Each structure stands twice: as structure tokens, then as C-alpha cells.
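Dear colleague,

Please find the structure below, handed over for your use.

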Amino acid sequence: MHVDIGAALASVADPGVDEDRLDDLDDRVRDAHERIAAGRADDEFGYASLNLPERTDPGAIRDAVEPVADAEYVITVGIGGSALGARTITSALAEAPERHVVLDNVDPEHVERTLSDLPLSETAINVVSRSGTTAETLANFLVVRAAYEDAGVDWTELTVVTTGEAGPLRELADAEGLPTLPVPEGVPGRFSALSAVGLVPPAILGVDIEGVVAGAAAVADDLGPSLQDTPAYAYGAVAHQLEQEGATVNAVMPYAERLESFAEWVAQLFAESLGKDGQGQTPVRALGATDQHSQLQLYRAGPADKVVTFVRPGERPDLPIPSADHEALSYLDGVDLGELIDAEYDATVASLPAADRPAIELEIDRLDPQGVGELLYAMEAACVLMGELAGVETFTQPAVEWGKRATRALVQGETTEETRVVDERPSHVVD
């Protein structure tokens, strides 16, 4: 993969990164890389995430899912990092990505409709929770289990569990003799896509998970102390510097339909990792070429507070556009859909510096397991680097934990500091 930062430089964009200050930024990258390398060497909490390509055992995942390897569908019961990574990989690589269904919300209408639409006897259950106590995950799993029982389907023959070493989910898995896989130690959920947390559904659906891990390993092996030699660091360093210059919004815009979930995964990765101490770019999800017609107006002519991250594969399948036999459409004669979307990509990227707005380009060779593994690992490494440069605690999420405590107390009818805040929240109702 490669990263092009040309459209993010101050000579063509405002906000932009001053080309004369790239050496100073590179010195900061070198120091940050030393800290990251030390954290990886000691397998420290969070930094251990960047060791997953060498720790993850695709063979063990294959063995665990073997009893359900012939399932037509798989339903993932998880939330946040316990679901987004798996959805990103299956969306990008599964032959039939619609056969991976995710329950990561407790909206009763959605859950009921999802279950009613699935052939439960042909649907594997992938339940993921490190603690085994996550309210949304356990509530949905109990509903799913009941639906299987009501349909006369033995859910125990169709379930794979990924969880920690202790907790209610681990106890249930042990009691029922369910195949289990570990949530990796020292790895926050949003950084766990390259472990069993993210690889079980792709494995069930026949994705080459070995290739995904190999692609990630290739980027891991190439991490170095300079942004000039390391695409992941080039992206992270320039995105961070753009935030300092005023680009507080980062719109991630892949030009590949199968990477739409990738933009959602990046949104969690960046928001939860970097949104601290009054810092952090706000991630926005977009899709090229669709959102040229719905969002580009804002990016080119709205407030100068955004950078657009473009992502595309270098190779695409061929799909010729049939002739319309109409003079007004003659410019499409002999053109392929891949040529058209690449032309749209090039035009959109160029339109931003033409309007004095910054952009960064990420390109993988092709949308295959190797390329997806490269992309996932590079964005994780970029995120860790950005946290080091910003001086924030990248691997914690205290604001999220507050909401979890409040939810649990409200459901249990307890009075706590959090529930008092909920009771006293501002209200100005207009009927």
C-alpha cells in the first residue's frame, strides 16, 4: 500500500502541513516510534495490539469454527470492537457478505425482524464479549438463544464463543461444551479485528483469514522511525498535524462499496482512541462516488475544518458500460465502470486542493485478503502514532465506561452518581 500526502501540504491547502516543517514532524515521529516499539517489545496494554499479526493463530480459529463451517449464515452478537472488525472483513472479502448479520444494537424491532428473517437451523451464532457481562451483548444473546429454542433448533451445536478467561459467558461455554476462542490479552476491543474477535465470521464464510493476517504482518514488519518510509506513520503524522492546523473533522471516503464498513470501523477506532483532553478529529463516514453528490459540496465550500481521507484499490474488476446509442452519452462508449469510478476518484481528490482544502490518499494494490490486512493494520498503527503525538491515553475509554455504569444502574433501579446526573439532565420540551 502507499499513502500520498501531496494534497495535504500547505502549498496547496489551508489548513495544510508546511513542507518546510516535515523534518521537525519526522523527528517527533521517530520519538513516538521508539515508544511504540518499546511498548510492543514489552507487550504493554494497548501496544500489544500491534503484535497481533504474530500472535494470531488462524489454524486455531479454523479448528474452533469447524463444527459450523457449513453454515449458510452467521450472526455476530457483540458491540463496538466486538462486531465492527468482523463486519469490516466480511463486507470487504466474503463472497456473500450479506450472509453475515450483526446484532450490535438492542433496538427490539431490529432484533426481532433480523431473527425472523434468518433460517436459524442454518445460521451459526458468533457471540463476542471479553468480560461476558456487556449488557447489550448478553441481552441480545439471551434473546437469540430463546429464538432458537422456540424454533426447535439446538443453539449449542451452532455457537462459537470468543471471550475472556472468566465471566458468565466463559462459564456458559464451559457448561455447554461450546467451542471457544480467547479475546487477546492487552488488546482493547477496537484494536482486535486481527484476532479471533474479528476473524471468526470471515473464517465461517470461507474468507482467506491467513491472507488477512499475512497482509497485516507485512505492514508490521515495515514499521520504521520515519514517516518518509512508513505509509502508516505518514498518514497518522499528517492527519495529526492537520488537526493542529484546524482540520478537526476527518471524512473517510473509500471508493469501493465493499469498504463502506471500513469507514465505520475507522470512526470507532479514531473517536474512542483519540477523543480525549479536548483533542481528536471527528471522524465522518462517506462513500465514493455516492457522497460526491451528498457531501462534497460541504467539503469544498463549507468551513475549512476538514480533511478528506480517500481510500481505493489500485486494481478493479472489468465491467464494460454498454453503448447507449445516444449522442449525449457518447462519452461513455468504450468505457468500463472501473475507469469511471477511478475518474470520479481522481476528479474528487483534485477538486479539494483546487478549493484550498486538504486531502490524503491511501491505496492498496487490490481488494483482497492481503490488501485488507494491510489497511487494517496501517490504520491501527496510524491511530497509535496519533495518540503518541497528541499525548493522550490512546487505549482507554473513560467516557464510554461512564455510560456503561449509568445504564447498568438504571436497569437495576439503583441510585448512583451517574443516575443522579441522568435524573437531573437538562430539559426544555417543545410540543
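The lining of the second largest pocket comprises nine nonpolar, one polar and six charged residues; here Ala, Val, Leu, Ile, Met, Phe, Trp, Tyr, Cys and Pro count as nonpolar, Asp, Glu, Lys and Arg as charged, and the others, Gly among them, as polar. The model is a predicted one, in which local features need pLDDT of at least 70 and side-chain atom pairs count only at pLDDT 80 or more, while totals for chains, interfaces and linings use all residues. Residues are numbered from 1 along each chain as its sequence is written, and side-chain values use heavy atoms, with hydrogens and water left out.

A pocket is, on a 1 Å grid over the protein atoms alone, an open set of points where a 1.4 Å probe fits, with protein on both sides within 12 Å along at least five of seven lines; lining residues have an atom within 4 Å of a point. Grid points are joined across faces, edges and corners, and a volume is the space filled by probe spheres set on the points. For the second largest pocket this volume is about 340 Å³. Of its 16 lining residues, Ala256, Arg316, Pro317, Gly338 and Ile341 lie nearest the centre. Helix α13 (337-354) gives the most to this lining, with five residues, and β9 (306-315) supplies at least two. Helices (H or I, at least four residues) and strands (E, at least two) are DSSP runs, numbered from the N terminus.

Arg316 also takes part in a salt bridge with Asp342 (3.1 Å, N to O). Because Arg316 lies in the loop between β9 and α13 and Asp342 in helix α13, the pair ties together parts that are 26 residues apart in sequence. A salt bridge is a side-chain nitrogen of Lys or Arg within 4 Å of a carboxyl oxygen of Asp or Glu. With a relative accessible area of 22%, Arg316 is partly exposed (buried means under 20%, exposed over 50%, partly exposed in between, with a 1.4 Å probe and protein chains only). Arg316 and Asp342 belong to a network of salt bridges that also links Arg312, Asp346 and Glu363. The whole structure has 21 salt bridges.

Strand β9 pairs with β10 in the parallel sense over seven bridges, where two strands pair if DSSP finds at least two bridges between them. Thr309 stands opposite Ile360 in β10. Both strands belong to an open sheet of five strands with mixed pairing, in the order β1-β10-β9-β7-β8. Strands β1 (2-4) and β8 (282-285) stand at the edges with a single partner strand each, so one side of each has no neighbour in the sheet.

A further salt bridge joins Arg366 and Glu315, whose closest N and O atoms are 3.1 Å apart. Arg366 lies in β10 (residues 359-366) and Glu315 in β9, so the pair ties together parts 51 residues apart in sequence. Arg366, at 34% relative accessibility, is partly exposed, as is Glu315 at 46%.

The largest pocket holds about 800 Å³ of space. Its lining has 31 residues, with Ile79, Thr134, Val400, Glu401 and Lys404 nearest the centre. Helix α15 provides the largest share, seven residues. Glu401 and Lys404 meet in a salt bridge (3.6 Å, N to O), and these two residues are three apart in helix α15, about one helical turn.
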